[in-house]
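Hi everyone, thanks for coming. I'd like to walk you through one model this morning, so please have a look at it while I talk.

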Amino acid sequence: MKFSTRAIHVGQEAEATTGATTVPIYQTSTYTQTAVGKHRGFDYSRTANPTRSALEAQLAALEEAQFCSAFASGMAATSAVIGALSSGDHVVVGEDLYGGTYRVFSKVFARYGIAFDFVDLSDLAVARAALRPNTKMIWAETPTNPLLRLVDIAALAALRPAGAVLVVDNTFATPYFQSPLDLGADVVVHSTTKYIGGHSDAVGGAALTNDPKLAQELKFYQNAAGGVPGPFDAWLVMRGAKTLAVRMREHERNARAIAEFLDGRDDVERVHYPGLAAHSQHDLAQRQMRGFGGMLSLTLRGDAQRASAFAEATKLFSLAESLGGVESLISIPAAMTHGSIPKEERERRGVTDGLVRLSVGLEDVDDLIADLRIALDSTAVAALRS
Ligand SMILES: *Cc1c(COP(=O)(O)O)cnc(C)c1O
């Protein structure tokens with residue numbers, strides 16, 4: 001079965017007693033047993049819930065993974081993956097990273113004796129040099145947030161030491177455009193809040209793998225720590241994921257047109273979009289991805305104030321955190337999503353105060369470009385005046 005068919009059919013069989021075509025929202029915490037310990041695979045909804053099971057089957061099919069555990073958020077999924085480690089273990093982390101991931105690693109799990117080194121994983125020599133005898137995990141995002149840099153998944157998988165696992169946060173690319181497990185990764189993590197859910201109406205996460213032992217640890221952690229999505233949220237994410245393919249094609253079409261528009265403006269200093277031939281890793285993007293996605297970032301000529309003024313001036317692009325929904329969003333990562341990374345550290349990584357991130361939605365692209373043009377023109381005048 002091809003991607004769109006899997007998205008709509010796997011885990012989505014008609015319900016047995018009524019024939020309901022869509023999976024019902026099993027809004028129940030518990031299940032009546034016919035005899036002590038005798039049940040149909042469901043005894044308590046932290047452990048398993050049929051709506052969540054359907055979502056897990058669907059997401060596994062999309063990522064072509066054998067196993068999936070769904071979580072209440074991307075951060076809950078991330079925490080579950082780290083939960084497979086022990087005190088004394090070391091993790092090499094790509095430094096251009098979702099701010100919340102940086103926060104939970106450096107402020108929570110570091111306190112439990114797990115060591116994290118944040119390095120530039122796009123440089124394989126740097127990645128290799130960061131490995132230690134106790135390195136048990138390499139954690140990468142690609143494309144990265146917010147700079148849209150790439151990490152070579154297959155190359156990282158090849159340099160992973162024995163006994164260490166490679167985890168890829170595939171939130172930006174989605175399984176429609178990138179298959180990290182195929183490229184050698186051991187675990188894929190998603191914030192399903194983003195493209196997979198796709199409608200900015202639910203928070204969720206997932207961790208997927210083909211490794212039975214890792215899968216068992218993730219399931220154990222899911223039940224033990226309990227960061228599970230409720231049935232309604234699981235259902236919303238599942239409904240969103242059915243249309244992932246059509247949405248991603250359109251997100252990309254719009255993003256590409258906007259990247260080209262911005263690239264052609266004299267008052268835009270740089271556009272970061274892997275689909276542009278000028279992107280320094282465009283070749284790797286073509287090799288490793290099936291498309292370039294709907295995220296891009298840019299630096300404007302002028303000061304950081306102009307970037308903020310620009311982000312406040314757009315009308316269709318809402319000034320908001322998050323990404324991957326049908327509506328277009330604009331944000332200033334340094335002040336918003338990446339505010340938890342110390343300024344010095346942020347600047348060293350290229351996340352300057354003037355960097356603007358766009359999550360290109362599914363509105364008509366002519367309207368989106370007009371919105372950006374008006375905001376650019378109005379702030380250009382303001383920048384000259386000040
Ligand atoms: C949003 C996001 C997360 C965290 O997911 P939540 O659902 O917000 O907990 C992790 N990684 C990336 C790349 C994200 O964009």
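Let me start with a term: when I say contact, I mean heavy atoms within 4.5 Å. And please keep in mind that this is a predicted model.

With that term in hand, let's go to helix α4, residues 99–108. The buried residues there are Gly 99, Gly 100, Thr 101, Tyr 102, Val 104 and Phe 105.

Now to the ligand. Which residues come nearest to the ligand? There are 13 residues around it, and the nearest are Gly 74, Asp 169, Ser 191, Thr 193 and Lys 194. By type, the shell divides into four nonpolar, six polar and three charged residues.

At Gly 74, a polar backbone atom is 2.8 Å from an oxygen atom of the ligand. For Ser 191, an N or O atom of the side chain is 2.8 Å from a ligand oxygen. Lys 194 likewise has a side-chain N or O atom 2.8 Å from an oxygen atom of the ligand. As for cover, on its own the ligand has 380 Å² of accessible area, and the protein covers 92% of that.

Let's turn to the backbone. Most residues other than glycine have a negative phi, and most peptide bonds are trans. Here are some exceptions.

Where is Pro 143? Look in the loop between β4 (135–141) and α6 (153–159). A cis peptide bond joins Thr 142 to Pro 143, with omega about -5°. Pro 146 also lies in the loop between β4 and α6, and the peptide bond from Asn 145 to Pro 146 is cis, with omega near 10°.

Then there are two positive phi values. Thr 174, in helix α7 (residues 174–177), has phi near 70°. Ser 322 sits in the loop between β10 (318–319) and β11 (329–331), and its phi is near 75°. Buried or exposed? For Thr 174, the relative accessible area is 1%, so Thr 174 is buried. Ser 322, with a relative accessible area of 26%, is partly exposed.

I'd like to finish with a few single residues. Gln 58 is in helix α2, residues 50–63. Why do we call Gln 58 buried? Because its relative accessibility is 0%, and the cut-off for buried is under 20%. The side chain of Gln 58 reaches the backbone oxygen of Met 238 at 3.1 Å. Leaving aside neighbours within four places in sequence, Gln 58 is in contact with Ala 7, Val 10, Gln 12, Met 238, Ala 241 and Lys 242.

His 272 belongs to strand β8, residues 268–272. At 10% relative accessibility, His 272 also counts as buried. Not counting residues up to four places away in sequence, what does His 272 touch? The list is Leu 147, Leu 148, Leu 296, Ser 297, Leu 298, Thr 299 and Leu 355.

Over in helix α6 we have Leu 159, buried at 12% relative accessibility. Leu 159 and Leu 124 are 35 residues apart in sequence, with their C-alpha atoms 8.5 Å apart in space. Beyond four places in sequence, Leu 159 touches Leu 124, Ala 127, Arg 128, Leu 131 and Ile 138.

And last, Ala 130, in helix α5 (residues 124–130). Ala 130 is buried, with a relative accessible area of 11%. Apart from neighbours within four places in sequence, Ala 130 is in contact with His 90, Val 92, Val 119 and Thr 135.

Key. Residues numbered from 1 in each chain as written. Predicted model: local features only at pLDDT ≥ 70, side-chain atom pairs only at ≥ 80, totals over all residues. Heavy atoms only, no water. Near = heavy atom within 4 Å. Polar contact = N/O pair within 3.5 Å; in protein donor to acceptor, adjacent residues only side chain to side chain. Areas by Shrake-Rupley, 256 points an atom, 1.4 Å probe, with all protein chains shown as cover. Nonpolar A, V, L, I, M, F, W, Y, C, P; charged D, E, K, R; others polar. Helix = DSSP H or I, 4+ residues; strand = E, 2+ residues; numbered from the N terminus. Buried < 20%, exposed > 50% of the residue type's maximum accessible area, 1.4 Å probe, protein only.
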